[in-house]
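Hi everyone, thanks for coming along.

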Amino acid sequence: MRIKSIIIVSVVFILLSVGIYSLYELWQSEKSKRQAAERNITALVSDIETYRTDNGELVTKIQGLELNSNNLEQVQSRLYNEISGLKLKLKNALSVTEVETEDKFTNSDTIYLTVKNDSTKTFEYSDSWRYISAEITNNTINPHKLITRMSDTLYCVPVIIYKGWWFWKKPKSIEAHFKNKNPNVSIKGANFIYLNNK
């Protein structure tokens with residue numbers, strides 16, 4: 001009789017322990033989803049920040065979103081449509097980055113026109129970042145002979161910002177810092193989405 005009651009109490013204790021542990025895991029999961037949603041709201045209402053590095057290069061900083069691949073289609077449908085055609089499994093991707101740039105061209109140099117004949121002229125311009133050439137026939141630029149090339153290198157560094165210290169360190173936000181080498185190109189907008197596919 002005593003062994004039977006010990007077995008019953010042990011089984012009840014184990015079932016209660018499993019039930020409490022399951023509830024704790026569910027609570028932790030919901031808590032992390034709520035915190036991620038709060039960080040996403042902060043990121044959606046934050047503005048683009050710009051600053052200069054020590055050597056004068058322009059850097060753009062944005063707050064990133066934290067989504068899983070299923071939520072990406074709901075929150076950023078345009079971006080999802082752009083990347084859905086790629087030959088990859090989105091659930092295996094780490095992040096999605098979109099950068100919108102604008103090239104500002106102001107010329108302070110002299111552009112020389114080369115006259116081929118009375119009705120056709122050509123011009124060429126190049127510097128270390130771009131090349132432009134065109135053929136002008138009867139005062140109209142021939143669109144088939146217009147060539148423009150621009151080079152640039154873009155760097156993206158995603159950073160997780162933590163608050164707290166040591167064991168109590170928790171992620172506060174996700175930032176992405178964008179830097180481009182071409183001084184004529186400015187970043188108009190950017191999206192950085194960390195895909196949390198756990």
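Predicted model: local features only at pLDDT ≥ 70, side-chain atom pairs only at ≥ 80, totals over all residues.

Let's begin with E30 and K33, which both sit in helix α1, three residues apart, about one turn of the helix. Residues are numbered from 1 along each chain as its sequence is written, and side-chain values use heavy atoms, with hydrogens and water left out.

Back to our pair. The side chains of E30 and K33 form a salt bridge, at 3.9 Å from N to O. A salt bridge here is a side-chain nitrogen of Lys or Arg within 4 Å of a carboxyl oxygen of Asp or Glu. The general idea is that side chains of opposite charge can pair when their charged atoms come close. E30 is partly exposed, at 41% relative accessibility, while K33 is exposed, with a relative accessible area of 52%. The cut-offs are simple: buried is under 20% relative accessible area, exposed is over 50%, and partly exposed is in between, using a 1.4 Å probe and protein chains only.

How many salt bridges does a search of the whole structure find? The search gives 10, and I'll show you two others. In one of them, K61 meets E49 at 3.4 Å, N to O. K61 belongs to strand β2 (residues 58-63) and E49 to strand β1 (residues 49-52), so this pair ties together parts that are 12 residues apart in sequence. K61 is buried, with a relative accessible area of 16%, whereas E49 is partly exposed at 41%.

In the other, the side chains of E98 and R78 come together at 2.7 Å, N to O. This pair links distant parts of the chain, with E98 in strand β4 (residues 95-103) and R78 in helix α3 (residues 77-83), 20 residues apart. R78 is partly exposed, with a relative accessible area of 46%. There is a network as well: salt bridges that share partners join E49, K61 and E175.

Now let's return to helix α1 as a whole. Why do we say that its span agrees with expectation? At 1.5 Å a residue, its 44 residues should span 64 Å, and its end C-alpha atoms are 64 Å apart. The expected span is 1.5 Å times one less than the number of residues. The buried residues of α1 are A36, R39, N40 and A43, and these buried residues pack against β2, β3 (65-67) and β11 (170-180).

A pair of aromatic rings is described by the distance of the centres and the angle of the planes. This structure holds two aromatic pairs. One of them is Y24 with W27, a tilted pair at 5.9 Å centre to centre, with 40 degrees between the planes. For the cut-offs, rings of Phe, Tyr and Trp (its six-membered ring) pair if their centres lie within 6.5 Å; planes under 30 degrees apart are stacked, over 60 edge-to-face, and the rest tilted. Y24 and W27 are three residues apart in helix α1 (residues 2-45), so about one helical turn separates them. Y24 is partly exposed at 43%, and W27 is partly exposed at 48%. In the pair W165 and W166, the ring centres are 5.4 Å apart and the planes at 50 degrees, so that pair is tilted. W165 is exposed at 60%, and W166 is exposed at 55%.

To finish, let's visit N182, in the loop between β11 and β12 (185-195). Is N182 buried or exposed? N182 is buried, with a relative accessible area of 1%. Not counting residues up to four places away in sequence, N182 touches W129, M150, S151 and D152, where contact means heavy atoms within 4.5 Å. N182 and Y162 are 20 residues apart in sequence and 32 Å apart in space, C-alpha to C-alpha.

That's my tour, and I'm happy to take questions.

Technical notes:
Helix = DSSP H or I, 4+ residues; strand = E, 2+ residues; numbered from the N terminus.
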